[in-house]
Amino acid sequence: MIQMINVEKYFGTNHVLRNVNLSVERGTVLVIVGPSGSGKSTLLRCINRLESIDKGEILIDGKSISSKGLKPRELRALREKVGYVAQSFNLFPHLTVLDNIRLAPRLVLGKGAEECTELACELLEKVGLDDKRDAFPEELSGGQQQRVAIARALAMHPEVMLFDEVTSALDPELVHEVLSVMEELANEGMTMIVVTHEMGFARKVADNVVFLDQGMIVEQGKASEVFENPKEARTRAFLSKVL
Amino acid sequence: MFGSLAFDDLAFLVRTATVTVGLSGFAMVCGTILALFLALASMSKYAPAKYLAWGYIQLVRGSPLLMQIFFMFFGLPAVGIDVSMFGAAAGALTLNTAAFMSEIIRAGVQSIKRTQWEAAEALGLTRYQSLRHVIFPQAIRVMIPPSIGYATALIKNSSLASTIGFIEMTRAARIITERTGKGLVVFSVAGLMYFLLCYPLSQLARHMERRLSLRK
């Protein structure tokens with residue numbers, strides 16, 4: 001479903017991704033862990049091309065999203081398959097919860113107003129916020145906003161969801177409500193790539209784990225193996241600090 | 001004070017006050033429409049459009065409005081373009097408004113966080129859709145107070161149209177003064193009328209500013 005092949009990325013002279021190779025099968029959950037500044041978020045943002053890469057290739061369903069000659073229309077078609085949820089929610093503050101969710105299906109997929117409303121209500125129920133449909137983002141807690149952001153991404157019927165440290169900006173008591181929504185998604189078979197510091201959650205839902213350090217994949221493999229029996233010293237050192 | 005001013009003269013001032021409003025309103029509306037395109041050009045990734053817009057804005061903001069009005073009225077006929085008094089005044093004010101408003105619009109759009117663009121982009125919206133449905137509705141709140149501020153300046157600046165003989169309120173006040181010699185009364189009344197036009201606007205700007213800051 002997603003493949004990264006020999007990906008290199010620089011921010012100026014800063015080499016942020018070094019020869020990254022990974023692939024994600026449909027229906028699996030990949031968790032990316034690593035110390036802060038290791039390039040986890042950048043890696044994720046390259047997958048829907050919020051960042052461009054300098055070398056290598058990123059494929060979504062076999063189609064390159066990283067090629068330089070990609071037309072805006074082709075890029076949007078590929079992005080449609082990819083849902084993205086950021087650490088800072090980024091809800092649209094001038095729209096109600098319902099309108100936040102309805103906007104993209106209406107504009108991008110060309111769905112009718114009624115269909116969009118129905119879809120939005122369904123998703124709000126799924127994330128446990130059906131009573132907040134007419135609220136504005138500023139009236140919600142962080143955890144609620146993040147759940148709306150997830151619903152907003154799901155409204156585009158993505159085939160893969162990218163989660164970029166979605167609980168890092170939340171008060172500790174609100175983390176759980178967001179994670180449980182994500183866990184439910186994983187159980188439904190959604191393909192997910194998750195950057196997180198929540199190791200308990202990672203162990204529970206991850207099929208595969210990538211350990212990234214200084215832009216390099218130090219270790220990757222089945223979650224059970226990497227968590228229980230890390231081969232690399234750096235992985236062991238990191239895990240012993242966070243587990 | 002009003003007693004010493006004939007009813008006809010007062011009526012003349014009121015009538016030309018509507019001309020002042022009309023002239024300013026025309027320039028504000030047309031100038032803002034032009035400003036929208038200028039702002040888009042100045043933010044575009046296409047370098048020629050960007051530099052053309054930038055050059056235009058610098059040129060207009062860097063020269064006196066009075067000179068621009070003279071250029072239109074006395075300059076353009078020299079190359080065979082005849083411009084009426086209204087045309088010259090409205091044209092210069094419109095081009096001026098376009099330059100100033102485009103900077104207000106650009107500042108408003110750029111005040112919106114990049115992550116809002118990203119969120120829209122990640123959902124598959126086109127650049128235009130993002131601007132139209134996500135960025136602009138938020139930016140407009142930032143733009144309103146300085147726009148109203150500019151509108152009051154525009155009403156006052158429209159008095160420069162009197163220098164080429166266009167009859168708006170300031171010109172009317174001069175005509176009455178020349179006829180009656182009651183300059184003190186006439187210009188007091190005219191000044192008061194400018195104030196009555198501008199004060200509600202600046203109050204509106206204050207009100208909006210307070211309301212918009214509460215919403216944050």
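Predicted model: local features only at pLDDT ≥ 70, side-chain atom pairs only at ≥ 80, totals over all residues.
Figure 1. The secondary structure of chain B consists of 8 helices and 0 strands, which gives the pattern α-α-α-α-α-α-α-α when read along the sequence. Taken along the principal axes, the C-alpha atoms of chain B fill a box of roughly 70 × 50 × 20 Å. Among the contacts in chain B between residues at least 6 apart in sequence, 76% join residues at least 24 apart. The chain carries 20 positive and 9 negative side chains, and the centres of these two sets lie 11 Å apart.

Figure 2. Because its relative accessibility is 13%, below the 20% limit for burial, S147(B) counts as buried. When neighbours within four places in sequence are left aside, S147(B) is in contact with M28(B), M101(B) and I104(B).

**Figure 3. The interface of chain B and chain A.** The two chains bury about 1,900 Å² between them, with 58% of that area on carbon and sulfur atoms. Chain B contributes 20 residues to the contact, and chain A contributes 22 residues. Across this interface the rule finds 2 salt bridges. E118(B) and R45(A) meet through their side chains in a salt bridge, at 2.7 Å from N to O.

**Figure 4. The loop residue K68(A).** K68(A) is found in chain A, in the loop between strand 5 (63-64) and helix 2 (72-79). With a relative accessible area of 65%, which is over the 50% limit, K68(A) is therefore classed as exposed. Not counting residues up to four places away in sequence, K68(A) touches R49(A) and I53(A). For K68(A) and I53(A), a separation of 15 residues in sequence goes with a C-alpha to C-alpha distance of 9.4 Å in space.

**Figure 5. The salt bridge of R26(A) with D61(A).** The closest N and O atoms of R26(A) and D61(A) are 3.0 Å apart. The pair links distant parts of the chain, 35 residues apart, with R26(A) in the loop between strand 2 (14-24) and strand 3 (29-33) of chain A and D61(A) in the loop between strand 4 (55-60) and strand 5 of chain A. D61(A) is partly exposed, its relative accessible area being 32%.

**Figure 6. The salt bridge of R147(A) with E177(A).** The side chains of R147(A) and E177(A) meet at 3.0 Å, N to O. This pair, too, links distant parts of the chain, since R147(A) lies in helix 5 (residues 142-154) of chain A and E177(A) in helix 6 (residues 172-187) of chain A, 30 residues apart. R147(A) counts as buried at 9% relative accessibility, whereas E177(A) is partly exposed, with a relative accessible area of 21%.

**Figure 7. The salt bridge of R203(A) with E228(A).** The side chains of R203(A) and E228(A) meet in a salt bridge of 3.0 Å, N to O. R203(A) lies in helix 7 (residues 199-205) of chain A and E228(A) in helix 8 (residues 223-228) of chain A, so the pair ties together parts that are 25 residues apart in sequence. R203(A) is partly exposed, with a relative accessible area of 38%, while E228(A) is exposed, with a relative accessible area of 53%.

How values were computed:
Residues numbered from 1 in each chain as written. Chains lettered and ligands numbered in written order. Heavy atoms only, no water. Helix = DSSP H or I, 4+ residues; strand = E, 2+ residues; numbered from the N terminus. Contact = heavy atoms within 4.5 Å. Lys, Arg positive; Asp, Glu negative; His and termini not counted. Charge placed at Lys NZ, Arg CZ, Asp CG, Glu CD. Buried area = accessible area lost by both parts, 1.4 Å probe. Salt bridge = Lys/Arg side-chain N within 4 Å of Asp/Glu carboxyl O. Buried < 20%, exposed > 50% of the residue type's maximum accessible area, 1.4 Å probe, protein only.
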